[in-house]
Amino acid sequence: MIFTPGTTASINLVARSWGDTNLRPGDEILLTEMEHHSNIVPWQQLAERTGAIIRWLGVRDDFQLDIESLDRLLSGRTKLVALTAVSNVLGTINPVREIVDAAHRVGAKVLVDAAQSAPHGKATASDWDADWLVFSGHKMLGPTGIGVLYGKRELLESMPPFLGGGNMIKSVSKQGFVAADLPHRFEAGTGPIVEAIALKPALEYLMRVGSDAILAHERQLAQRAIDGLSSVSGLRILGPSIQSKTGIVSFVIPGVHSDQIGQYLNAAGVAIRVGHHCAMPLHERFSVGVSARASFYFYNTQSEVDAFVTATLRASEL
Ligand SMILES: Cc1ncc(COP(=O)(O)O)c(C=O)c1O
């Protein structure tokens with residue numbers, strides 16, 4: 001476990017350190033259409049530097065990954081599969097283990113973006129056999145500015161340090177440096193001390209509440225919201241049915257820009273996220289520019305859902 005500033009930093013670390021060392025022109029990276037930009041752009045930059053090619057695993061009309069095309073997309077040329085365990089727009093929970101096993105069969109490494117799943121999920125990096133797994137503290141009741149890069153030890157040991165500086169060395173001379181052992185070789189500079197201390201009780205608290213209870217509560221709220229929104233004419237929910245997702249409810253109302261919904265709800269005291277949610281390729285896939293997203297977590301209540309639904313109904317009438 002290496003402390004980083006967050007998911008984005010963890011992915012960039014792997015792209016720079018492992019990617020620059022291991023990828024050659026013509027090698028392939030497989031991403032999914034439902035990735036957050038943090039799990040797209042670092043690989044596009046890597047592809048630009050190395051001549052690697054990016055391939056895409058599609059999302060079906062039912063908002064699930066097009067798992068049937070996996071075998072066609074994977075080959076001996078595939079060096080890396082990078083996928084999110086849970087979509088930050090659709091809430092879709094992906095079959096990570098199945099994809100990891102298929103990737104490993106062709107010799108590819110797998111990076112799992114657990115930014116959205118760690119706050120709910122009970123699966124661990126070892127359940128999934130992920131080569132790397134990344135997440136952010138601020139999505140799981142912890143502070144901003146800290147996240148984790150988990151990696152298999154032998155893989156991390158084979159990777160050159162990314163950032164150089166204090167803390168990541170055993171020794172330095174005028175001729176060069178000897179890198180420190182794990183995890184310090186990837187933790188250059190003064191670490192996020194305060195953030196690391198604050199992350200621990202947040203995670204302990206989450207584990208006490210328990211992932212089953214968190215997911216069950218979220219789903220109940222999300223279903224209540226979906227039912228409440230069903231009377232809005234033309235409203236389209238972006239996401240699969242509730243048993244296949246977390247408590248995220250993204251939606252589009254034809255003819256109403258998500259900014260307008262967001263502003264109206266904001267004035268009504270309801271905070272939602274609007275825009276492309278750092279997932280432009282996914283919005284393009286469903287032929288919408290932007291969407292509105294309510295994200296429920298275990299601290300939300302039914303009356304908050306009702307306030308959200310009432311305000312959204314009013315906004316759509318307006
Ligand atoms: C699925 C997913 N991946 C990556 C990120 C990026 O996380 P961070 O901004 O903490 O680096 C997010 C944040 O919204 C996310 O939801």
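Q: Before we start, what counts as a salt bridge here?
A: A salt bridge is a side-chain nitrogen of Lys or Arg within 4 Å of a carboxyl oxygen of Asp or Glu; bear in mind as we go that this is a predicted model.

Q: How many salt bridges does the rule find across the interface of domain 1 and domain 2?
A: The rule finds two across that interface, and the count of residue pairs in polar contact between domain 1 and domain 2, both residues being at pLDDT 80 or more, is 13. On the side of domain 1 that touches domain 2, the residues divide by class into 11 nonpolar, 10 polar and seven charged.

Q: Where do the domains run?
A: The assignment gives 2-204 for domain 1 and 211-317 for domain 2, with C-alpha centres 28 Å apart.

Q: And how much area do they bury between them?
A: Domain 1 and domain 2 bury about 2300 Å², of which 61% is on carbon and sulfur atoms. Phe63, Val89 and His120 supply 29% of the area that domain 1 buries against domain 2, more than any other three residues.

Q: Switching to the ligand, what surrounds it?
A: The surrounding residues include Thr7, Thr8, His36, Asp113 and Gln116, and the shell divides into one nonpolar, nine polar and two charged residues.

Q: Which side chains have an N or O atom by an oxygen atom of the ligand?
A: Among them are Thr8, at 2.5 Å, and Gln116, at 2.7 Å. The protein covers 84% of the 390 Å² of accessible area that the ligand has on its own.

Technical notes: Residues are numbered from 1 along each chain as its sequence is written. This is a predicted model: local features need pLDDT of at least 70, side-chain atom pairs count only at pLDDT 80 or more; totals for chains, interfaces and linings use all residues. Side-chain values use heavy atoms; hydrogens and water are left out. A residue is near a molecule or strand if one of its heavy atoms lies within 4 Å of it. A polar contact is a pair of N or O atoms within 3.5 Å; within protein, one must be able to donate a hydrogen and the other to accept it, and residues adjacent in sequence count only if both atoms are side-chain atoms. Accessible areas come from the Shrake-Rupley method with a 1.4 Å probe; for residues, only the protein chains shown count as cover. Ala, Val, Leu, Ile, Met, Phe, Trp, Tyr, Cys and Pro count as nonpolar, Asp, Glu, Lys and Arg as charged, and the others, Gly among them, as polar. Domain bounds come from an automatic or database domain assignment. Buried area is the accessible area (1.4 Å probe) that two parts lose on being put together, summed over both.
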